[in-house]
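Have the sequence and the 3D view open while reading.

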Amino acid sequence: MKARAFSYVRPVTIAEAIDAFAAAGGEASYIAGGQSLVPALALRLQAPECLIDIAHVEALRGIERQGGRLRLGALTRHVDAHDDPLIARYAPLLHLAAPHVAHPAIRNRGTLGGSVALADPASEFPAMMLAMGAEMEIAGPEGTRRVPADAFFQGVYETAIEPGELLVAFHIPVAGPHHRCAFDELARRRGDYALVGCGVMLAMPGDVVEDARIAFLSVGPTPVRARAAEVALLGSRLDEAAIRTAQTALAEDLDPTDEAHVPATMRLHLARVLLGRLLGGLGAAT
Ligand SMILES: Cc1cc2nc3c(=O)[nH]c(=O)nc-3n(C[C@H](O)[C@H](O)[C@H](O)COP(=O)(O)OP(=O)(O)OC[C@H]3O[C@@H](n4cnc5c(N)ncnc54)[C@H](O)[C@@H]3O)c2cc1C
């Protein structure tokens, strides 16, 4: 199949991009890296009349520390999430997750904005935004607003971004020397979407967990925060008993559905195995 014919515009400012969407009467799609959108066009899963190429909008670029936050422009590519030293230092979950996203050719073009705007529940970066407590900066005809990751992901491929709005940047609380972070996933083959993935971020100024954020991918319609497991870890020394309690608590946090080759019980089991490995590794490092 081929994509339907479409018109193409290349704005250089956010305002031009938003105006172009309105001018197309809403029958438009923004395109960033094109790694998800182009296959969707070719399969006619999407058939916009107009493509608005945002790759030349300078305000969507940049990787910069701003006080206690790291600002990442929406056009930050997957490959930058792995290679950039500021991201590796201040948002290590993105650095750790990046090699698990697709393949090098896709990572060279795919953007964080595209991945998070698409909000595939099996994607790594949306779940890591949740684990890090990022805020999403969104621009629309009425101006700019910020939405915390906890309120951003609303359903399968559904986010707080309204039609015509543009994801501009991520504002991520910077990780400090007292943070311990880990990411891993279980997939049938490397490069496949994960059966289960998990990112953990612990604040441990000493040998006791003072704060915990844990987010899973591929366990439900959106990325999922494991709040009961987080609570189970607070005040603990990350010993075996605490890790077992957190693993058990996942039954309260996760409610996966049965799928053809992956029963819900198996996914919950894999999530527990994965969390145990990640916490065990962080505990051993203390
Ligand atoms: C073979 C293959 C394997 C893959 N494997 C994985 C994987 O393992 N894990 C994973 O996470 N992903 C995977 N992907 C998806 C890949 O990471 C995509 O690049 C990414 O999801 C989309 O980023 P993009 O910049 O290419 O967005 P695009 O394809 O350009 O856009 C995707 C969607 O987001 C919208 N959009 C883009 N930017 C913005 C913005 N700034 N504001 C508002 N809306 C915007 C577009 O309108 C479109 O609806 C895979 C893709 C392929 C083709």
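Arg145 is partly exposed, because its relative accessible area is 31%. The value comes from a predicted model. Arg145 has a salt-bridge partner, Glu165, and the closest N and O atoms of the two are 2.6 Å apart. Glu165 counts as buried, with 13% relative accessibility. Distant parts of the chain are linked by this pair. Arg145 sits in strand 7 (residues 143–148). Glu165 sits in the loop between strand 9 (158–159) and strand 10 (166–173). The two residues are 20 residues apart.

## Salt bridges

The structure holds ten salt bridges.

| Glu165 | Arg145 | 2.6 Å |

Asp207 is partly exposed, at a relative accessible area of 43%.

Glu259 is partly exposed, with 44% relative accessibility. Arg267 is buried, with a relative accessible area of 6%. Elsewhere, shared partners join Asp150, Arg213, Arg225, Arg227 and Glu230 into one salt-bridge network.

## Domains and their interface

The domain assignment gives domain 1 (7–56), domain 2 (60–173) and domain 3 (179–284). The centres of domain 2 and domain 3, taken over C-alpha atoms, are 21 Å apart. Domain 2 puts 25 residues into the contact, and domain 3 puts in 24 residues.

How much area is buried between domain 2 and domain 3? About 2000 Å². Carbon and sulfur atoms give 64% of that area.

Three salt bridges are found between domain 2 and domain 3. On the side of domain 2 that touches domain 3, helix 5 (92–97), helix 8 and strand 8 (153–155) each supply at least two residues. Helix 8 gives the most to that side, with seven residues.

## Helix 8 and the cores

Is helix 8 covered or open to solvent? Helix 8 is mostly covered, with nine of its nine residues buried. Among them are Glu124, Phe125, Pro126 and Met129. Gly133 follows helix 8 and has a positive phi, near 70°.

The largest nonpolar core has 41 residues. Those with the most contacts inside it are Leu94, Val116, Met129, Met136, Phe152, Phe170 and Ile172. Helix 8 (residues 124–132) gives the most to this core, with seven residues. Domain 2 (60–173) and domain 3 (179–284) both give residues to this core, so the core lies between them.

Which residues does Met129 touch, beyond those up to four places away in sequence? They are Leu94, Leu112, Val116, Ala134, Met136, Ala149, Phe170 and Ile172. A second core is separate and has 31 residues, including Ala182, Leu186, Val200 and Ala246.

## Leu51 in strand 3

Leu51 is in strand 3 (residues 50–53). Leu51 is buried, because its relative accessible area of 5% falls under the 20% cut-off. Leaving out residues up to four places away in sequence, Leu51 touches Phe6, Ser7, Tyr8, Val9, Ser29, Ile31, Leu37 and Leu41. One of these, Ser29, is 22 residues away in sequence. In space, Leu51 and Ser29 are 5.2 Å apart, C-alpha to C-alpha.

Methods
Residues numbered from 1 in each chain as written. Predicted model: local features only at pLDDT ≥ 70, side-chain atom pairs only at ≥ 80, totals over all residues. Heavy atoms only, no water. Core = buried A, V, L, I, M, F, W, Y, C linked by side-chain atoms within 4.5 Å. Buried < 20%, exposed > 50% of the residue type's maximum accessible area, 1.4 Å probe, protein only. Helix = DSSP H or I, 4+ residues; strand = E, 2+ residues; numbered from the N terminus. Domains from an automatic or database assignment. Contact = heavy atoms within 4.5 Å. Salt bridge = Lys/Arg side-chain N within 4 Å of Asp/Glu carboxyl O. Buried area = accessible area lost by both parts, 1.4 Å probe.
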